[in-house]
Amino acid sequence: DKAFNQVDCVLEGDEPVCHWLTQVFSQSGAYISEIKPENKAMYHAAACIASNYLITLAACSEELLLKAGLKPEQSRRMLV
């Protein structure tokens with residue numbers, strides 16, 4: 001199964017479990033990284049910014065393009 005092919009997976013936890021997960025996900029083509037417990041909050045913040053604010057930024061940009069007189073299909077095409 002290649003559901004995780006080229007997917008980044010970040011692990012933190014018990015060494016035996018992380019070792020097992022590394023083997024399982026690596027066989028699926030995933031990219032595995034380990035993270036220290038003290039860095040989990042920073043990692044989570046980065047992921048939230050990337051996933052949540054990118055959509056907000058695109059929506060704000062589209063709204064400005066529409067107000068500038070561009071058509072919806074053109075503004076979406078430009079943003080993509």
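Biologist: Where I would like to start is the residue Lys67: is Lys67 buried or exposed?

Modeller: Lys67 is exposed, with a relative accessible area of 65%. Exposed means over 50% relative accessible area, buried under 20% and partly exposed in between, computed with a 1.4 Å probe on protein chains only. The model is predicted, with local features needing pLDDT of at least 70 and side-chain atom pairs pLDDT 80 or more, while totals for chains, interfaces and linings use all residues. Residues are numbered from 1 along each chain as its sequence is written, and side-chain values use heavy atoms, leaving out hydrogens and water.

Lys67 has a charged partner: its side chain meets that of Glu63 in a salt bridge, at 3.3 Å from N to O. A salt bridge here is a side-chain nitrogen of Lys or Arg within 4 Å of a carboxyl oxygen of Asp or Glu. Side chains of opposite charge can pair when their charged atoms come close. Glu63 and Lys67 are four residues apart in helix α2, which means that about one helical turn separates them. Helices are DSSP runs of H or I with at least four residues, strands are runs of E with at least two, and both are numbered from the N terminus. Glu63, at 44% relative accessibility, is partly exposed.

By this rule there are three salt bridges. In another, Arg76 pairs with Glu62, and the closest N and O atoms are 2.8 Å apart. Arg76 belongs to helix α3 (residues 72–79) and Glu62 to helix α2, so this pair ties together parts 14 residues apart in sequence. Glu62 is buried at 16% relative accessible area, whereas Arg76 is partly exposed at 49%.

Glu12 and Lys40 also form a salt bridge, with 3.1 Å between the closest N and O atoms. This pair links distant parts of the chain, 28 residues apart: Glu12 sits in the loop between β1 (8–11) and α1 (15–27), and Lys40 in helix α2 (residues 40–67). Glu12 is partly exposed at 32%, as is Lys40 at 40%.

Now the neighbour of α2. The axes of α2 and α3 come within 9 Å and cross at roughly 140°; axes are lines fitted to C-alpha atoms, for helices over the stretch in contact, and angles run from 0 to 180 degrees between N-to-C directions. In α2, Ala58, Ser61, Glu62, Leu65 and Leu66 meet Pro72, Ser75, Arg76 and Leu79 of α3, where contact means heavy atoms within 4.5 Å. Glu62 and Arg76, the salt-bridge partners, are among the residues that meet.
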